[in-house]
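This report describes one protein model for a reader who has not seen it before. Please look over the sequence and the structure, then read on.

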Amino acid sequence: MSADDEKRLAAEAAAELVESGMTVGLGTGSTVAHLLPALARRGLTDLRCVATSPATAEQARGLGIPVEDFDSLDRLDIAIDGTDEVIPEGWLIKGGGGAHLREKIVAAAADRFVVIADSSKPVEKFTWPVPLELFAFGLASTLARLGPDVSLRPGTPPSPDGGLIADYRGPGLDDPATLAARLEADAGVAAQGLFPPALVSDIFIARGTDVERTTIG
Ligand code: 5RP
């Protein structure tokens with residue numbers, strides 16, 4: 001079974017959690033690209049959805065899933081999103097698609113944040129760089145403060161919120177809480193891609209034809 005098939009199976013399992021009338025946060029990426037048709041096939045009514053990227057909004061609307069701006073809903077029943085890596089403690093690295101600022105806001109607003117992934121995503125220790133979104137204002141000074149461990153992601157356009165996508169490649173991944181706090185403490189960092197276990201409700205990981213479901217909190 002390919003990674004893409006596993007992404008589809010995890011996404012289809014998570015789509016079953018959504019019920020008519022729910023407010024739903026839609027993540028970003030190739031795993032979420034399988035969630036949207038699975039959700040559309042369910043034929044649910046009265047959904048109110050917000051999207052974490054223009055790409056997701058466009059795909060969802062094309063499938064007949066209503067998407068609205070995230071400015072009047074004050075909470076979401078559920079959000080479903082992919083991840084770049086997940087460690088046994090439940091920490092995630094997200095932002096491979098540069099959407100982690102909106103993804104974190106949507107996850108934080110959701111009563112239940114469900115992570116969907118293929119079997120390549122669970123790792124014992126993080127190996128990915130930590131994605132950052134940096135404010136455009138004062139960018140050169142932010143980069144100077146953050147130092148040589150942070151570089152702008154080449155060829156990546158600004159986010160829909162005007163921030164610049166960068167990556168942190170430095171020490172500290174063995175202590176995500178401390179690293180997250182350090183990165184967030186810089187005034188020029190709009191968002192960093194470490195998501196704590198406290199944000200995560202469930203993780204659906206497809207391994208072959210099975211979908212493992214782990215409840216975090
Ligand atoms: C985008 C993300 C994605 O969820 C993450 O990159 C995983 O992507 P994919 O589902 O394509 O493997 O955080 O910012």
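Which atom of Gly95 lies 2.8 Å from an oxygen atom of the ligand, a backbone atom or a side-chain atom? It is a backbone N or O atom of Gly95. The model discussed here is a predicted one.

**The ligand and its surroundings**

The ligand is surrounded by 17 residues. Ser30, Thr31, Asp84, Gly95 and Lys121 are the closest of these.

| Residue | Part of the residue | Distance to an oxygen atom of the ligand |
|---|---|---|
| Lys94 | polar side-chain atom | 2.9 Å |
| Gly95 | backbone N or O atom | 2.8 Å |
| Lys121 | side-chain N or O atom | 2.7 Å |

On its own, the ligand would expose 380 Å², and the protein buries 91% of that area.

**Lys94 and the aromatic pair**

Lys94 has a second contact to describe. While a polar side-chain atom of Lys94 lies 2.9 Å from an oxygen atom of the ligand, the charged end of Lys94 sits over the ring of Phe195, at 5.7 Å from the ring centre.

Phe195 also takes part in an aromatic pair. How many such pairs does a search of the whole structure find? The search finds 1. The partners are Phe113 and Phe195, with 6.4 Å from centre to centre and 35° between the planes, and the pair is classed as tilted. Phe113 belongs to strand E6 (residues 110-118) and Phe195 to strand E11, so the pair ties together parts that lie 82 residues apart in sequence.

With 2% relative accessibility, Asp118 counts as buried. The side chain of Asp118 makes a polar contact of 2.5 Å with the side chain of Ser120.

**The sheet that contains E11**

Strand E11 is part of an open sheet of 3 strands, in the order E4-E5-E11 and with antiparallel pairing. Its edge strands are E4 (85-86) and E11 (194-195), each of which pairs on one side only. Strand E5 (residues 92-93) is joined to E11 by 2 bridges, and these two strands run antiparallel. Within this pairing, Ile93 has Leu194 in E11 as its bridge partner.

How many of the residues of E7 are buried? The count is 5 of 5, and the strand is mostly covered. Both of its faces are covered: on one side Val130, Leu132 and Leu134 are buried, and on the other Pro131 and Glu133 are buried.

E7 pairs with two strands that are described here. Its pairing with strand E9 (residues 164-168) is antiparallel and has 5 bridges. Its pairing with strand E10 (residues 189-192) is also antiparallel, over 3 bridges. Leu134 has a place in both pairings: it stands opposite Leu164 in E9 and opposite Val189 in E10. Glu133, for its part, stands opposite Ile165 in E9.

Why is E9 described as largely enclosed by the rest of the structure? The reason is that 5 of the 5 residues of E9 are buried. Leu164, Ala166 and Tyr168 are the buried residues on one side of E9, and Ile165 and Asp167 are those on the other, so both faces are covered. Strand E8 (residues 150-152) pairs with E9 in the antiparallel sense, over 3 bridges. Val150 stands opposite Tyr168 in that pairing.

**A loop residue**

Asp46 is found in the loop between helix H2 (32-41) and strand E2 (48-51). Its phi angle is near 60°, which is a positive value in a residue other than glycine. Is Asp46 buried or exposed? At 64% relative accessibility, Asp46 counts as exposed, whereas Asp118 at 2% counts as buried.

Notes. Residues numbered from 1 in each chain as written. Predicted model: local features only at pLDDT ≥ 70, side-chain atom pairs only at ≥ 80, totals over all residues. Heavy atoms only, no water. Pairing = 2+ DSSP bridges. Helix = DSSP H or I, 4+ residues; strand = E, 2+ residues; numbered from the N terminus. Phe/Tyr/Trp six-rings, centres within 6.5 Å; stacked < 30°, edge-to-face > 60°. Lys NZ or Arg CZ within 6 Å of the ring centre and 35° of its normal. Near = heavy atom within 4 Å. Polar contact = N/O pair within 3.5 Å; in protein donor to acceptor, adjacent residues only side chain to side chain. Areas by Shrake-Rupley, 256 points an atom, 1.4 Å probe, with all protein chains shown as cover. Buried < 20%, exposed > 50% of the residue type's maximum accessible area, 1.4 Å probe, protein only.
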